[in-house]
Amino acid sequence: MKVGRVVGTVVSTISAPVFEGRKLLVCDLLDAAGKPDGSYLIAVDAVGAGAGEAVLIVDEGNSARQVVGLTTAPIRAVVVGIVDELTVDGEPVLTQA
Amino acid sequence: MQLARVTGTVVASVKADGLEGVKFLIVQPLDRHGQPEGSPVVAADAVHMAGPGEVVYIVGAREAAQALPETFVPVDHAIVGIVDAVEELGGARG
């Protein structure tokens, strides 16, 4: 899994049917210091995450399909958690604002 | 999934079995600010409505084929939605 921060949402009218009614979050991926590493993912929201929150993202198809409950969905990245706190080497690098 | 802009079309009359009728487009992956990032890739159009110039979102790897009518096909990127807008914190962008 990856740790990211929600920085936006994607608005899309025309999409594969599985995305209808689902929120798509633009998430910056964070490095071990809690800083954006320059890459991002668009992930399906499964937990009700909001703008600015640090989140846990699974970027693997089987897990993603399991979370959304559709075995044939073309989905790979899903936000599966909201991070309260991240500690690396004993140092807190991320605390939820 | 990533953002990408459709930059071209691919016509191939000879394709692997299962890919008949699948439209292929050339897409340029974008960073989240809409700037080109990395090399263009050929993606299958799973929404059947994407055209050159449009911003779309693509899914990669095995999951790409799941977006197509025939799911056990050799496809590694698929367009699964057309982007109307990316709403960023502190303002929207078309």
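**Exercise 1. Work out whether Asp31(B) counts as buried, partly exposed or exposed.**

Step 1: A residue is buried if 20 or more other C-beta atoms lie within 10 Å of its own, exposed if 12 or fewer, and partly exposed in between, with C-beta atoms placed from the backbone.

Step 2: count. Asp31(B) has 14 C-beta neighbours inside 10 Å, so it counts as partly exposed.

A quick word on what you're looking at: this is a predicted model, where local features need pLDDT of at least 70 and side-chain atom pairs count only at pLDDT 80 or more, while totals for chains, interfaces and linings use all residues. Residues are numbered from 1 along each chain as its sequence is written, and chains are lettered from A and ligands numbered from 1 in the order in which they are written.

**Exercise 2. Find where Asp31(B) sits and what it is in contact with.**

Step 1: Asp31(B) is in the loop between strand 2 (24–30) and strand 3 (41–45) of chain B. Strands here are DSSP runs (E, at least two residues), numbered from the N terminus.

Step 2: list its contacts (C-beta atoms, placed from the backbone, within 7 Å). Skip the neighbours within four places in sequence, and you're left with Tyr40(A) and Glu37(B).

Step 3: From C-alpha to C-alpha, Asp31(B) is 12 Å from Val56(B), and the two are 25 residues apart in sequence.

**Exercise 3. Describe the side of chain A that touches chain B.**

Step 1: count residues. Here 24 residues of chain A are in contact with 28 residues of chain B.

Step 2: find the biggest giver. Strand 1 of chain A gives the most to that side, with five residues.

Terms used: Two residues are in contact if their C-beta atoms, placed from the backbone, lie within 7 Å. Helices (H or I, at least four residues) and strands (E, at least two) are DSSP runs, numbered from the N terminus. Ala, Val, Leu, Ile, Met, Phe, Trp, Tyr, Cys and Pro count as nonpolar, Asp, Glu, Lys and Arg as charged, and the others, Gly among them, as polar.
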